[in-house]
Amino acid sequence: MELRTTREGVANLRTYLRTSGIFSLNNNPWLPSLDDIGCRWEDMVDLVNNRELFFCKLYRKRSVYLTPEVYFLLKACFCRPPLTPEAGAIYSFLQSGPAEKPAAKQALFLSPKAFDRGFAFLLENLYVTAFMGRPLVSSPANSWFTLVYTTVEAWEDGLQAIPDTPDDPAQAEARLRDLLSPQLDDREVDRLLHKRPAKAGKQD
């Protein structure tokens, strides 16, 4: 089934991404959403399918989308925590190929709570992302989609070109903060990087 994208919506999203590297799926107090940008689910999925967006839940555990440049800057300066047992099982399954979430859940011997906890961990810590979006067959207007997930390594392999970003963590973080400054102040970038806020010093 083909995506029913809108030329205006896709154009609005690409225009926004030229100067902004992150947005949120839903309305919220911190980031522009699809509605704010002036596009629809279909337009966003079109860019996901073209590897122009990276999906994760790194920021405030919310569904956010990043440009490839922002992803690679994050990769250089974000310290991924070790995989938990349930997250490791899901990650190993996705290493064998992309899959929708229900298919992965059905294939693994995990309780529903353990699976959801493990999957959330993977999305919140740059281990997996959306490989593509598929319109639901049961949706006559093609306005609802299911995401197919893959490992970040497989997502990287599908890129036509890798953005030129610094490997040095300090340089990457400085560039990331500058790039995201129109949307996020330093404190919110700390949240994105899962950094704890610095404690105020003791006063004499």
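Me: Which residues have the most contacts inside the largest nonpolar core?
Reply: In this predicted model, they are Leu 13, Phe 23, Met 44, Leu 53 and Tyr 65, within a core of 34 residues. Elements giving two or more residues to this core include α1 (7-19), α3 (41-49) and β5 (128-135), and the largest share, 5 residues, comes from α7.

Me: What is Met 44 in contact with, leaving aside its neighbours within four places in sequence?
Reply: Met 44 touches Leu 13, Phe 23, Leu 25, Leu 34, Leu 53 and Tyr 65. Apart from this core lies another, of 26 residues, with Leu 58, Val 64, Leu 74 and Ala 172 among them.

Me: Why is Cys 39 called buried?
Reply: Happy to walk through it. Buried means under 20% relative accessible area, and Cys 39 has 6%, so it is buried.

Me: What makes Cys 79 exposed?
Reply: The cut-off for exposed is over 50%. Cys 79 has a relative accessible area of 69%, so it counts as exposed.

Me: How do you know that Cys 79 is too far from Cys 77 for a bond?
Reply: A disulfide needs the two sulfur atoms within 2.5 Å. The closest cysteine sulfur to that of Cys 79 is in Cys 77, 8.4 Å away, so the pair is too far apart for a bond. By this rule the count comes to 0 disulfides.

Me: And what lines the largest pocket?
Reply: This pocket has a volume of about 270 Å³. It is lined by 15 residues, and the closest to its centre are Leu 17, Glu 52, Thr 67, Pro 68 and Glu 69. By class, the lining has 5 nonpolar, 5 polar and 5 charged residues.

Technical notes. Residues are numbered from 1 along each chain as its sequence is written. This is a predicted model: local features need pLDDT of at least 70, side-chain atom pairs count only at pLDDT 80 or more; totals for chains, interfaces and linings use all residues. Side-chain values use heavy atoms; hydrogens and water are left out. A nonpolar core is a set of buried Ala, Val, Leu, Ile, Met, Phe, Trp, Tyr and Cys residues joined through side-chain atoms within 4.5 Å. Buried means under 20% relative accessible area, exposed over 50%, partly exposed in between (1.4 Å probe, protein chains only). Helices (H or I, at least four residues) and strands (E, at least two) are DSSP runs, numbered from the N terminus. Contact means heavy atoms within 4.5 Å. On a 1 Å grid over the protein atoms alone, a cavity is a set of points where a 1.4 Å probe fits but cannot get out, and a pocket is an open set with protein on both sides within 12 Å along at least five of seven lines; lining residues have an atom within 4 Å of a point. Grid points are joined across faces, edges and corners, and a volume is the space filled by probe spheres set on the points. Ala, Val, Leu, Ile, Met, Phe, Trp, Tyr, Cys and Pro count as nonpolar, Asp, Glu, Lys and Arg as charged, and the others, Gly among them, as polar.
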